[in-house]
Every structure is written in structure tokens, then in C-alpha cells.
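Come along and follow my entries.

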Amino acid sequence: MVFIIKPDVEEIEIQRFVSMFEDKGFSTIVSEGTEHTAVCLIGNTATIDMEHVVETSDIVEFGKRVTEQYKAAGRTVHPEDTIIEVGGTSIGAGTFTVMAGPCSVEGEEQITRIAGAVKSSGAKVLRGGAFKPRTSPYSFQGLGAEGLRFLLEAKRETGLPIVTEIMNQTQVPLFDEVDIVQIGARNMQNYDLLKEVGQMDKPVLLKRGLSSTIEELLMSAEYLMSSGNSRVILCERGIRTFETMTRNTLDLSAVVALKQRSHLPVIVDPSHAAGLRSFVAPLARAALAVGADGLLIEVHDNPQAALCDGAQSLDLQQFDELMGDLRKRVGFENREM
């Protein structure tokens, strides 16, 4: 259930209204937009006479019942697009933000060299895996804490904010200087981890699970937001289907569906979606065309020698050429890159 507050109501009056329901055992979400403030109640709202509340309250303009379970992530409570600020970069409506870097951090010189190159090409966020979940226990698992240290050094050298994946709750103290915490596809429904990361005061990049529905992705975002973190970035990275020509099937319709149902920024990872280098640029252009707010792209200075996912990584020249092409298309759409 959501109540829309009348314009120019004092903060103390809104808080008094919220406290009235919290004292009755309800959880609340207060969403402040440019045009109005909404108060959403979470709990068994069937016991509340909505019409009576509207009629007897001096500050409520109108009320409505919310049928979706994802209340904090949905547009019903928060109709305006959320824009997330990180390291001087805006992610959300009206912008197109590219996050780029290697699948995994392999060394200090390597990550610093790639960071400088992707920044020169126009990337606004550096990606790189320090902890890597791999299907095979014999595959390269990342450099761990040392890789995270190298990533932070590249951040200091270039000034780029960084995004990297967290694997479990024990790693939270290691992420103090990380700008965006990534929840990988395999952990999208790790609810204990979601609740823990939801208490971290920094943006979260939430990837769609390999076989997860759009609603399940939104419910995972709800876990983060109900734990206190409203700065969530949704990422479509392809889902597992019967098709074997590509690594996964990129569901670009998910971008449209998510933008309609949620106010959160939506980005696309064309690298993991296809698993093939030659597919990355066409899929990146398609993601921009359907309204994505940005991209997460794997870039390596020597993909043939990469320790992880070299087949889907662009080299530095390929990435630079793609960014030049995207810049023209972004300008045509009157968006900022």
C-alpha cells in the first residue's frame, strides 16, 4: 500500500505519519521525488482501511494498493528514474555509462595498463575480478585480496572508480575502498549475502542469474533495498537456453521490461552474454538501441593470453573503435556518455 503525500508537507509531519504505522508493526519506505513524496507500507495491509486513512489525514493526497512484491524497486512507489552517482559519474536515465576492464586481475602492471587504456577510450568505471567464481575447481580463481589491492592501485593511478565482485559475507571488510560492489549471476539469489551487502553504504551492481526470471531479479534487488541500500544497478548478462551457438542468450527484451517496471538503472553485459568477441560490438549497439543505461565490457591487452574468458574479451584497439561508434550513437539519442 502506498500513500502519496500532498505538496509542501513538513518533514516532521511525514515522519509522524510514518511512525504511526511503524508503531503498528509495519515496515515503511519513504520515496522522495521531484513532484511528490510517497510512503509505502510493507506488511499485511489488508487490515488497513485505506479510504479512512486518506479521509482523516491532512497530509495524504491519495492512496493505492500495490500488487507487486517488489515495492522498493518498482515504479509504483518510485515513478521517477533513479540516477546513481559514483566517482563523479552518473548512471541512469539520460546517460550511457561504460564499465570496462579484464575479466580477472592478473597483475599490477596489467590492470594499471588496461585501466589507462579504457579510460582514454572513454570508459567511466574500471571493472576487474579479484575473486572469481568458476565452474571448475581447477580453473583460475583470481588473485583474491592481492588482486583487489592491484585493482585499488589502478584506481589511484587513473582516478577511475572500480566495480568488482564479492563472493561471500566474510569479504565485506575488504571492500571498503571499492566504489561499486558486484553481485554475480551465481549469487543473485544468495539472500544472506544480499542482506549483508544491502547494509553497505555503496552502489551495488546486481547481475541476473543464469536461469532467473525478470521478477526474480527484481525481488533480489528488493532484498538489497529492504536492507537499506537504494543504489542498485541491474545488469542483464544473458540467460541459459537450449541455444549452443553462443555462451548464453542475451535477453534484450529484459531491458525494456525492467525499465517499464523499475526505476533502477539497467546495464547490459554483452561479453558474458555471447562468450564470443565478434558478438560484443553488435550486442553493445543493440543494448544502447533498446534503452540500456550502460554496458559492462571485458577488455584485455592480450586476450589470447588471458587467464580467464579471453575468447569474449576485446583488445584495446577493438574497444577504442567500439567506443568511438557508441559515442556517435549516444549523441544521436541526446544522451551523455
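**Entry 1: a bridge.** Which residue in E3 is the bridge partner of Phe 3? I looked it up in this predicted model and found Val 39. I then widened my view to the two strands: E1 (residues 2-5) and E3 (residues 37-42) pair in the antiparallel sense, over four bridges. I reminded myself that strands of a sheet pair through backbone hydrogen bonds, either parallel or antiparallel.

**Entry 2: the sheet.** Next I followed the strands across and noted the order E2-E3-E1-E4 in an open sheet of four strands, with antiparallel pairing. At the edges I found E2 (27-32) and E4 (60-64), each of which pairs on one side only. I also noted that neighbouring strands here are turned by 20° against each other on average, direction ignored.

**Entry 3: a helix on the sheet.** I asked which strands helix H1 (residues 11-22) touches. H1 packs on the sheet and touches E1, E2, E3 and E4. Its direction makes about 10° with that of E3.

**Entry 4: two helices.** Two packed helices are described by the angle between their axes and the distance between the axes. I looked up both for H6 (residues 214-226) and H7 (residues 253-261): their axes come within 11 Å and cross at roughly 50°. That angle makes H6 oblique to H7. The crossing of H6 past H7 is right-handed.

**Entry 5: who touches whom.** From H6, I listed Ile 214, Leu 217 and Leu 218; from H7, Ala 254, Ala 257, Leu 258 and Arg 261. Sorted by class, this contact of H6 with H7 has six nonpolar residues, no polar ones and one charged residue.

Note on methods. Residues numbered from 1 in each chain as written. Predicted model: local features only at pLDDT ≥ 70, side-chain atom pairs only at ≥ 80, totals over all residues. Heavy atoms only, no water. Axes fitted to C-alpha atoms, helices over the stretch in contact; angles between N-to-C directions. Parallel < 35°, antiparallel > 145°, perpendicular 65-115°, else oblique. Left-handed = near helix turned anticlockwise from the far one by under 90°. Contact = heavy atoms within 4.5 Å. Nonpolar A, V, L, I, M, F, W, Y, C, P; charged D, E, K, R; others polar. Pairing = 2+ DSSP bridges.
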